[in-house]
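Me: Hi! I have a model open on my screen and would like to talk it through with you. Here it is.

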Amino acid sequence: MAQPDTTRTAGLALEGGGYRGMYTAGVLDVWMECGLTCDHMVGVSAGAAFGYNFKSRQIGRAIRYNKAYCADKRYAGVASWLRTGDMFNADFAYHEVPIERDPIDLETYRACPMRFTCVCTDIETGKAVYHDLPYGDERDIEWIRASSAIPVATRPVAIEGHKYLDGGVADSIPSAWLFAQGYDRNIVVLTQPAGFVKQPNSVMPMLRRVFRHYPEFVAALEHRHEA
């Protein structure tokens, strides 16, 4: 009987999609229940937010806190957007909930050998930025917030002198990036139905006006459906 090739490495790419990410959370919970893992996980937007719990091995956490707070005006909604400029409240959803109300297991997170990367879009260049998240603390959460920052519905997130928005603008499904990192067996968790084909953005005229000072970002938005 042939022995398994232990030199090959496995990657996991998690697409975004807002609350469609609940599907991803369920997939990851089943993986954890079965004791499955990977060598390197890369998440985009909601994929990064829910992949966070996979590295800390907290089964059910993503679904639990979203069920608990999805209708809470402090967590997300038009009221938060009008008051703060962010649909998902930066302080409550990205700091109070994961640090105080339903804390991440930092000890397990940091002990897990799996590499975890999130994808953001630099609004100056319109290019994808891939940032590793080794700590699980507020530094890493801020990068996850940047990866999840929906254009217009969220203010650009400033980190270390750069401004970022939704990673899905520049690289919605980062499977090619995983292959480029040397991972030759990659699984991609998608959140759209089978056969889905993305269409051109119907609100591009408004987006061109809003981001008129960031032409490279506008170009990325215009070509996102092609990518």
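Me: Let's begin with strand S2 (residues 40-44): how many of the residues are buried?
Reply: Five of the five residues of S2 are buried, so the strand is largely enclosed by the rest of the structure. Buried means under 20% relative accessible area, exposed over 50%, and partly exposed in between, with a 1.4 Å probe and protein chains only. Helices (H or I, at least four residues) and strands (E, at least two) are DSSP runs, numbered from the N terminus.

Me: Before I go on, what sort of model is this?
Reply: This is a predicted model, where local features need pLDDT of at least 70, side-chain atom pairs count only at pLDDT 80 or more, and totals for chains, interfaces and linings use all residues. Residues are numbered from 1 along each chain as its sequence is written, and side-chain values use heavy atoms, with hydrogens and water left out.

Me: Thanks! Back to S2, which residues point which way?
Reply: His40, Val42 and Val44 point one way, while Met41 and Gly43 point the other way.

Me: And how does strand S1 (residues 10-14) join to S2, parallel or antiparallel?
Reply: S1 and S2 run parallel and are joined by four bridges. Two strands count as a pair if DSSP finds at least two bridges between them. Alanine 13 stands opposite valine 42 in S2. To get from S1 to S2, the chain crosses through helix H1 (residues 21-33), and this β-α-β crossover is right-handed. Right-handed here means that, with the strands pointing away from the viewer, the path from the first strand over the helix to the second runs clockwise.

Me: What about S2 and strand S3 (residues 115-122)? How many bridges there?
Reply: Five bridges, again in the parallel sense. Valine 44 stands opposite valine 119 in S3.

Me: Okay, packing next. Which residues touch the most other members of the largest nonpolar core?
Reply: Leu12, Met41, Phe54, Tyr75, Phe211 and Phe217 do, in a core of 52 residues. Helix H2 (residues 46-55) gives the largest share, six residues. A nonpolar core is a set of buried Ala, Val, Leu, Ile, Met, Phe, Trp, Tyr and Cys residues joined through side-chain atoms within 4.5 Å. There is also a second, separate core of seven residues, which includes Val42, Val44, Leu178 and Tyr183.

Me: What does leucine 12 touch?
Reply: Not counting residues up to four places away in sequence, leucine 12 touches Leu28, Trp31, Cys38, His40, Met41, Val42, Phe54, Leu178, Ile187 and Val189. Contact means heavy atoms within 4.5 Å.

Me: Now H2. At what angle do the axes of H2 and helix H7 (residues 138-147) cross?
Reply: Roughly 145°, and the axes come within 7 Å. The axes are lines fitted to C-alpha atoms, for helices over the stretch in contact, and angles run from 0 to 180 degrees between N-to-C directions. Ala48, Ala49 and Tyr52 in H2 meet Ile141, Ile144 and Ser147 in H7. The residues of this contact are five nonpolar, one polar and no charged.

Me: Switching topic: what is the phi of serine 45?
Reply: Phi of serine 45 is near 55°, a positive value in a residue other than glycine. Serine 45 sits in the loop between S2 and H2 and is buried, with a relative accessible area of 8%.

Me: One last spot. Where does methionine 87 lie, and what does it touch?
Reply: Methionine 87 lies in the loop between H4 and helix H5 (90-101). Leaving out residues up to four places away in sequence, methionine 87 touches Tyr75, Ala76, Gly77, Val78, Ser80, Trp81, Ala153 and Thr154. Methionine 87 and alanine 153 are 66 residues apart in sequence and 5.5 Å apart in space, C-alpha to C-alpha.

Notes:
Ala, Val, Leu, Ile, Met, Phe, Trp, Tyr, Cys and Pro count as nonpolar, Asp, Glu, Lys and Arg as charged, and the others, Gly among them, as polar.
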